[in-house]
Amino acid sequence: MKKYIIVGLIAFFSTIMWGCKKLSEDLPLEVTGIDYVFDSKDSLGVNAERFLNNIYSGLPNGYNRIGNNILDAGADDAIPNAVGDVVQYFSNNGISPSNIPDNVWAKNYENIRKVNIFLANIDVVPLNLPGYKNRWKAEARCLRAMSYFELIKRWGGVPLIGNKVYDAAETIDIQRSTYQQCSDYIIAELDAAMPFLLTANNSVNGTFTSNFYGRFGRGAAMALKSRLLLYLASPLNNPTNDATKWASAAAAAKAVMDSVSATKFTYALQNAATTAHYTNAQLTPLVPSASLSSYVTNVNKFLSIFSTASNNEIILPYMATTNSTVESANDPIGYTRAIATAGKTNPTQELVDEYEMTNGKQIGESGSGYDETKPYYNRDPRLPGTVMFDGLYWLNRNVQTYDGGLDRPFGYGRVTKGETRTGYYMRKFMTSNSSATAYSNYPHVFPIFRYAEILLNYAEAQNEAAGPDNSVYSAINAIRNRVGMPGLPAGLTQAQMRDKIRHERRVEFAFEEHRFWDIRRWKIAGNVLNGTLHGIQATLNNGVKTYKVVDATTVMFDVNKMYLFPIPLNEVISNKSMAQNPNW
Amino acid sequence: MKKYIKILALFVALVASHSAFAQVGKTISGTISDNSGPLPAATIFEKEFTNNGVSTDENGKFKLKLRGQQGIIVVKSIGYLSQEINVSTKTIVNVSLKEDATGLEEVVVLGVGQTTKKITLTGAVSSISGTQIRQSPSASLQNSLAGRLPGFFSQQRSGQPGKDGADFQIRGISTYSGGTTPLIIVDDVEVTSDQISLIDQNEVENVTILKDASTTAVYGVRGANGVIIITTRRGASGKPTLNFKNETGLQTPTQRPVINDGYTTLNLLRERLAGLYTNPLTSYADYFSGDNLQHYLTNDDPYNHPNINWWDEVMKKVSIQNRINFDISGGNNTVKYFVNLGYLYQGGLFKDFSEDQGYNSNYLYNRYNFRSNIDITPNKSLKIKIDLSGRFGVTNEPNDKPWNNGGTTFQYLWNGELSSFLYPIYWPNGLIASSSSSLTKPNPVANLMYSGYNRSYGNNISAVTSANQQLDFITPGLSANVLLAFSTDYSFSSNLTRNSNEILAYTYDPATQRYNPVTANLYRMGALTRSSSSTLTKKNLNIRAGLNYNRDFGKHNIGGLALINRTTSTVLPVGASTVTLLDPYNIQGFTGKINYAYNQKYLLDLTAAYNGSDRFESTKRYKWFPAVSVGWNLGEESFVKDNLKFIDFFKIRAAYGITGNDNIGTTTFAYQKTYTTGASGAIFGETPQSYSGIIEPTLGNTNITWMTTEDFNAGIDMKLFNNKLSVTVDYFRKLTKDILTTPGLIPSSFGGALPPYNLGRVQNRGYELDLTYRDKIGDNIEFFVNSNLTFAKNKVLYRDEPAYLYDGLALTGKPVSAVFQYTYDGFYQSLADLYTAPRLAASTPLSSLQLGSVKYKDLTGDGIINANDKQYIGNNNPNYTGGLSFGFSYKGFDISTLFQGSFDYIINMNRGAFAYARADRVSVPWNLNRWTPVNAENATFPELSGSAQNGFDGSGSYWSTFWFVKGDYIRWKNFELGYRFPSSFSKKLHVNNIRVYANGYNMGIVYTKLPTSVDPESALTSSAGEYPQQRVFNFGVQFGL
């Protein structure tokens, strides 16, 4: 009997001893806190720099970012190939406070919070590289300014939260600042940051080396200021047409241009052609043989802006490693690799008609030489550089968007295989023109700011502030001449010049996320986004193609409310002080 | 630690003062019998010293040496009324026990090794005996519980061998995040929910479910979802009893897709193409040009104009299930044993295409079970249990998905995606046919023949030892016990596969009259590749020590319990991306219980557990989980006893308590925030280069803790009319609080990711009803009828949802498994209808909508149909579940059967109705009643050309109440028909007894509203591609040696 009790006792005792031995930790020791990121011992600031790197990934990224569509497919330049794609909600009245396709509210406030965390903690790091800490801080403030600009161009004035980092338990009850207050804040931030930012030859904050490309330099800060002031002076935000606003917008653009001439920056219009795009033979049908060679050079030159990772025209890129995502999202569906997500962007006839003849005349103008049976003959070189139309050479054959052709097999009116709804596909940004059936990876940096914009910003602001003087002509003609288009005729009135500038912005910046905002800030969306957008129907009969302009889709734009996005519903409900935009 | 020491000290003190009291008394002997003869395994013990007892041998004989002075012995046997006999004047005692018709002496198993008598039970508990479980030939134990136990909800999603176990909950669902599966305890040791289906039915003595706080509170932080307690069989004294059982079952699917033949489908296709304004003659010349269609009608050219029902081609008519069991039990007063060996084989439904390839790629399941339960009683006051058990399973599956581009063959069969007219199985020269287009599905036969298999092995061993020491020398009724359980779980997989690009199949090109390989330039079959991986390694350790007290003082009965327990589990999830998920995980706590009964009439039960889990921050780990329950045996009161003679037993009871659930849906250490490197960095440089990034994680919330459930239960137990009718009625109300929820109503201007908080609330209310009638007709016929019904309805009370424009979009106020979809509003019947009906946000009339398309209700009234009109349309979990069983026995025959049903829920029955989302698919009879201008009034299916807007493109973007219909069903779940040969016959064969029987599982669906051949317990979405549920028709023979 006793021995059982002893055995039982030993068993019990050892069990309890075992139970007390700790095999798990009271705290999770493997977690890393903020003192690991901003380390007071790290003279290189390795993790702090990584934190900043992550903020860069929040820059606006362009391309097919809205449900696999480009933003401009929600404007009058293009429509998506699928009937139900959400980007169209911008042009068919589908947006509501709970349904905003381009809802970057949260994304940008996340960036703002990250910047605030960075600014609040970076001083802990004993950074041992001269000038770096100030430059990092300045870059962070510019990234924050960029985020605010992204917010106000969509929603108008938004809450400014300064340097505050909210705590999880805090109640957020903060009013919207006005558009003007937000703009003032952004400009103040940019101005404060500018002295510390990288310039091409500035040695104070570290020498600019090629591996700094893609960072927020002083040129980028000035470009952002230029765009912001232009938007601020535009009819949407300047209902009284206060000329001083235009003047300061012109001055901001001029400042960038002057910096270039003073050789502090090395920005310039990209003027080199990459022959990888087109050979003479491939574009033979598009122009008379006499001008073929220079035409091909001009097309290649325009395409080269977007097919190189870096060039002097790009002031601020959204950086990416080489890839082929743009091609696979937008290529015509008849190519063998085509998948369901291909052929997304379908440019409209309205955009195609905007391209002038090579003689500088609009297609409807007398003496233009436009031939309806050969609609793509002798057009602005930027047309084949922007739009893929029937017969344009691409990947070892000509595009077939006539009814029953490889790229429109079911013909006009059908979207069975994801074929184009307008008869066009997008050409811009598509880099590879090789004979291969699969795409190799190419650089695809999205130009957030490029020098051409500065010139057109200047032309527009100066024309409004001072009229069409010589500086306006030279700014706009620089862009036209680059692709071999003739300069503007002399003696235009201010209004005529305004139209020319708007035309130039549309054809130069198609699909670069300008048109979508331009029609808003000029308050013309009510005109151009109401009614019907058109496409082309090409039919092939006995080897003869005929072209007919046809309806592609109906669009509607409610001018009472749609110039501003609705504030996301959740913001209005959860932040007591948040006011909704008018009529939403 | 201090607490351990105190208890240890107490324990040592108690043990040390032992054994001074033993006395010598006289020895009595005798025979215990019932009205049919001697009764083995009855227990006889002294009333004064309850640990001084013996049990009868196989001839009902016993011998007992008395220690006390009173001279009163108690004779007990399960299923009989116990008797007290004064033996002060006798040495030979012969007792005849009476059967306990009331069942009130029946022992009810409670948690942590506790049992109680039915009459003194104050909680809500249901149980089912192993015998009843064994009437169902399903391979998974939980499938045998459906319809048997009030409060038990289950949904069997699949019939796949080795994976056919149902999902189950007790009293429905009470939370929208975190675990809803009950805690499962096998012989006092917790197992995971997937292991319950590995348990051999032959090992099971009893399955009990604990449903209310008074019974689950002892499990504290783990009790909120209810507890399933499984006890295994144990040996009884007597000569060894050997049982051998062999069962063979025939498995067939309960449902199969019913499809139209190729010719009918092609005619529908032609109509669809016309609707799309395309010319069938040019776009599908192979089908429609010339006399092609005629060939499909006459089937005179099976190679070029095939008509194949793939289901018939790849499936066997019937597959085999086999089960063999061998058990021995027996023992004497010192050692008792029960040993079981089990083997189960479940065959797969596919034809054995791979046989000639030298391997088996069919679905199959093999399971080997082993259990040895040993009870040792070294002396009269000490009981030791040593249980060893093992479960070894092998599950085989075809390597289905690569060849199928990610889908399973069953998915394509159910969805009708395998065209019946695209290609034959083999070409005339024996080459295997298939299609090369990515838009059509490849030949499943090539897949089953060449793709190889995926095989997974699960090995599971556990050892449970426990000891119980009577401490009567300190005070009578006191005992101490310890338990140590260890289990380990190891699984790995072994695969033999062939790359889908290296499988030879051919298309035929009539122009060149050549057979071309589907994969270009592939002219030989690729090699098979063997691969393996270990998938899980898990260790579980459970230790428990406690004190028990139970004693009668006259009419007063007092019981108590105090115990410490600790469970540690360590998991190495090989290859899992979330290693921290299953880091060391410890639960420990203290449980105490006091119960008091006066004259078995007034009952009071107090339970409290102080319990913690290290999933939470150190100050948030422990909490009290108290419960109180009361009972009143009203039937014992004279005003009932004397006036209402038909009432034999009448108890009312109520319980209230708080239980917890630490399975809140987070990882261990979720309360901390961790900055992780490598997250989206930046790219810089004229030659772009990546630089890594680091981000602020989701903010931490050190306050994260378990969810708690306030649980109220009230019930009535009655037995009426000479115990023929038993009634149990329960009402319950659960309020689950602190459900871990990420706040939705927070401005994004905050800028960070908020952690989840304990803030959600869900209410779950319902009732249960259980009625049993049992009677005899004459002497030989006994019969019973049982019906039970459970109603449980939950509602989300609060969850901090993001703001919705319309109330109908919020989950708050709706059931946890609410479905939000469009509301069907008929078909577009006229052009005017197309133009005036609310506009689909994504469509322009005429270009994408057609007459006969599905029209949706504009619930928001804004003239536009968009996501805001997707509102609450129903609940995917049944609110009602119930069962009806009845049976009778006559001499050696016994027959019983069970019907089970679930009601008041909706499911998506789109399976097989997808025809014409793509041209090369099959159609179902339902499609024939499509909308056409002629059939506009009577159509039950939309017109065929539109797809997305009609909701049958499979994308789910336009699903509506047209597709979601009531899933209510009644199923003939089980039957059993058995015959026990008379002993005179079995003696001739030199065995003790022989029984032959036939039983069945899932015999058929008696009632369903579904218009297509979908099993009403199927998963919510069709992409699941589940293995069809199986009907098992089983024959068995059992020998007792």
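**Exercise 1. Charges and overall form of chain A**

Task: Determine how far apart the mean positions of the positive and negative charges of chain A are, and describe the extent and surface of the chain.

Solution. Step 1: In this predicted model, chain A carries 56 positive and 52 negative charges, and their mean positions are 4 Å apart.
Step 1: The C-alpha trace of chain A spans about 115 × 60 × 50 Å along its principal axes.
Step 2: Chain A exposes about 20,900 Å², of which carbon and sulfur atoms supply 53%.
Step 3: Chain A has 584 residues, and 59% of them count as buried.
Step 4: The secondary structure of chain A comprises 18 helices and 10 strands.
Step 5: Among contacts in chain A with a separation of 6 or more, 71% are accounted for by residues 24 or more positions apart.

**Exercise 2. Two salt bridges in chain B**

Task: For the pairs Arg544(B) with Asp188(B) and Lys724(B) with Asp775(B), give the distance between the closest N and O atoms and locate the partners in the chain.

Solution. Step 1: In the salt bridge between Arg544(B) and Asp188(B), the closest N and O atoms are 3.2 Å apart.
Step 1: Arg544(B) is in strand S27 and Asp188(B) in the loop between strand S14 (183-186) and strand S15 (189-191), so this pair ties together parts 356 residues apart in sequence.
Step 2: Arg544(B) counts as buried because its relative accessibility is 9%, under the limit of 20%.
Step 3: Asp188(B), at 25% relative accessibility, counts as partly exposed.
Step 4: The salt bridge of Lys724(B) with Asp775(B) has its closest N and O atoms 3.6 Å apart.
Step 5: Lys724(B) is in the loop between strand S35 (707-720) and strand S36 (725-741), and Asp775(B) is in strand S37, so parts 51 residues apart in sequence are tied together.
Step 6: Lys724(B) counts as partly exposed, at 27% relative accessibility.

**Exercise 3. Positive phi angles**

Task: Give the phi values of Asn396(A) and Asp188(B), and state where each residue lies.

Solution. Step 1: Asn396(A) has phi near 75 degrees, a positive value in a residue other than glycine.
Step 1: Asn396(A) is placed in the loop between strand S5 (393-394) and strand S6 (397-398) of chain A.
Step 2: With a relative accessible area of 48%, Asn396(A) is partly exposed.
Step 3: Phi of Asp188(B) is likewise positive, near 75 degrees, and Asp188(B) lies in the loop between S14 and S15 of chain B.

**Exercise 4. Surface features of chain B**

Task: Identify the residues of the nonpolar patch and of the positive patch, and describe the surroundings of Arg530(B).

Solution. Step 1: The nonpolar surface patch, of about 460 Å², consists of Ile594(B), Leu604(B), Leu606(B), Val628(B), Val630(B) and Tyr656(B).
Step 1: At least two residues of the nonpolar patch come from each of strand S30 (602-613) and strand S31 (622-633), and Ile594(B) is in strand S29 (residues 585-598).
Step 2: A patch of positive charge on the surface gathers Arg733(B), Arg765(B), Lys793(B) and Lys795(B).
Step 3: Arg765(B) lies in strand S37 (residues 757-777) and, at 39% relative accessibility, counts as partly exposed.
Step 4: Arg530(B), in strand S27 (residues 528-553), counts as exposed because its relative accessibility of 54% is over 50%.
Step 5: Apart from its neighbours within four places in sequence, Arg530(B) is in contact with Tyr453(B), Ser494(B), Asn495(B) and Leu496(B).
Step 6: The C-alpha atoms of Arg530(B) and Arg498(B) are separated by 8.8 Å, the two residues being 32 residues apart along the chain.

Technical notes: Residues are numbered from 1 along each chain as its sequence is written. Chains are lettered from A and ligands numbered from 1 in the order in which they are written. This is a predicted model: local features need pLDDT of at least 70, side-chain atom pairs count only at pLDDT 80 or more; totals for chains, interfaces and linings use all residues. Side-chain values use heavy atoms; hydrogens and water are left out. Patches are made of residues with over 30% relative accessible area and no salt bridge: like charges are joined within 9 Å, nonpolar side chains (Val, Leu, Ile, Met, Phe, Trp, Tyr) within 5 Å. Accessible areas come from the Shrake-Rupley method with a 1.4 Å probe; for residues, only the protein chains shown count as cover. A salt bridge is a side-chain nitrogen of Lys or Arg within 4 Å of a carboxyl oxygen of Asp or Glu. Lys and Arg count as positive and Asp and Glu as negative; His and the chain ends are not counted. The place of a charge is taken as NZ of Lys, CZ of Arg, CG of Asp or CD of Glu. Helices (H or I, at least four residues) and strands (E, at least two) are DSSP runs, numbered from the N terminus. Buried means under 20% relative accessible area, exposed over 50%, partly exposed in between (1.4 Å probe, protein chains only). Contact means heavy atoms within 4.5 Å.
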